[in-house]
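Please look over the sequence and the structure below. Then read on for a short walk through a few of its parts.

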Amino acid sequence: MTQNEICGPRHVAIIMDGNGRWAQERKHPRVWGHIRGSQIVSQIVEQADDCGVKALTLYAFSTENWSRPVTEVKVLFTLLRKFLKKERKRILANNISFKVIGDISDLPAATQKLILDLEEETKDFEGLKLTFAFGYGGRKEIIDSINKFIKENPGKELEESKLNSLLYRPEIGDVDLLIRTGGDKRISNYLLWQIAYAELWFTKTKWPDFTREEFKNILLEVSKRERRFGMVSTTDCLENSRKQADENLKIIRKN
Ligand code: IPE
Ligand code: IPE
Ligand code: MG
């Protein structure tokens, strides 16, 4: 697949949903779905890289998921630890810059260390920016960012660009494409600020059945969509549309 370097989905975010139902349909406990689901993550990461995606942000555990049965939560922690151990080599070999966004302070200390070490080791890598949203909530990210600003700049007004720079991983920028598997059409507190102009894609496929092929097709379909960003019509990409908006503002202010 040839990617348009600037106009293709640069930042893709995925809500990896449907694990529990996938397992229940097969008369297995929900955690089976999580185990199966965690096994396909690396294939999707690889496909993103192959298709020229620059940033991939995966929703693995939300702030609301803390309300699940403790046994299920523990399995999710274990799967994260296993993923980190298993994929470390591959992440390093592929120049992937890894980061977790969210509150990981309640994870076992050993898992926190695995995360922090891998983040440190890969922080200057220039390949795919792979982000796991774990213990993550979109509202919490916005509130945390605003509070950081207030603390550092008492009495000052917060601007959009400043808030952008205070998010958990500012360098990944806005989401171009948000995919949700599992059939539900909702956002579930994911990247609320960053999805303002994202293309949305909902698939009935449950996460454990999601394949490289389906992912590739979605990327292809979405790169054919016309993203207008409030304009009448354009084949230009965001970069050009922002320049145009700035030019127009200058002209209007002059007159
Ligand atoms: C997504 O699958 C994984 C997490 C939320 C951790 P679910 O566990 O939500 O699966 P369903 O939606 O109940 O099928
Ligand atoms: C969203 O899925 C969170 C993750 C995929 C990690 P949920 O299954 O928790 O979302 P709701 O409860 O259906 O909105
Ligand atoms: Mg779900």
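The paragraphs that follow visit a ligand, a helix and some loop residues in turn.

This is a predicted model. Start at ligand 2. The residues around ligand 2 include Ile15, Met16, Asp17, Arg68, Arg180 and Arg186. Tyr59, Ala60 and Phe61 are also among them. Strand E2 spans residues 55-62. With three residues, E2 gives the most to the shell around the ligand.

Now take the polar atoms. A side-chain N or O atom of Ser188 sits 2.6 Å from an oxygen atom of ligand 2. For Asn65, the distance from a side-chain N or O atom to a ligand oxygen is 2.9 Å. For Asp17, a polar side-chain atom is 3.2 Å from an oxygen of the ligand. On its own, ligand 2 has 390 Å² of accessible area, and the protein covers 78% of that.

Next comes helix H7, residues 212-223. H7 has twelve residues. From its first C-alpha to its last, H7 reaches 17 Å, close to the 16 Å expected at 1.5 Å a residue. Which residues of H7 are buried? They are Phe215, Ile218, Leu219 and Val222. Down the helix axis, the buried residues fall within an arc of 100°, so they line one face of H7. An α-helix has 3.6 residues a turn, so residues three or four places apart point the same way. What covers this buried set? The cover includes strands E1 (11-15), E2, E5 (177-180) and E6, along with helix H2 (30-50).

Step back to the loop between strand E6 (199-202) and H7, where Thr203 lies. Is Thr203 buried or exposed? Thr203 is buried, because its relative accessible area is 7%, and the cut-off for buried is under 20%.

Most residues other than glycine have a negative phi. Asn189 is not a glycine, yet has a positive phi of about 65°. Asn189 lies in the loop between E5 and E6. Asn189 counts as buried, because its relative accessibility is 14%. Phe229 also has a positive phi, near 50°. Phe229 is in the loop between H7 and helix H8 (238-254). At 19% relative accessibility, Phe229 counts as buried too.

Definitions and conventions: Residues numbered from 1 in each chain as written. Chains lettered and ligands numbered in written order. Predicted model: local features only at pLDDT ≥ 70, side-chain atom pairs only at ≥ 80, totals over all residues. Heavy atoms only, no water. Helix = DSSP H or I, 4+ residues; strand = E, 2+ residues; numbered from the N terminus. Buried < 20%, exposed > 50% of the residue type's maximum accessible area, 1.4 Å probe, protein only. Expected span 1.5 Å × (residues − 1). Arc of directions from axis to C-beta. Contact = heavy atoms within 4.5 Å. Near = heavy atom within 4 Å. Polar contact = N/O pair within 3.5 Å; in protein donor to acceptor, adjacent residues only side chain to side chain. Areas by Shrake-Rupley, 256 points an atom, 1.4 Å probe, with all protein chains shown as cover.
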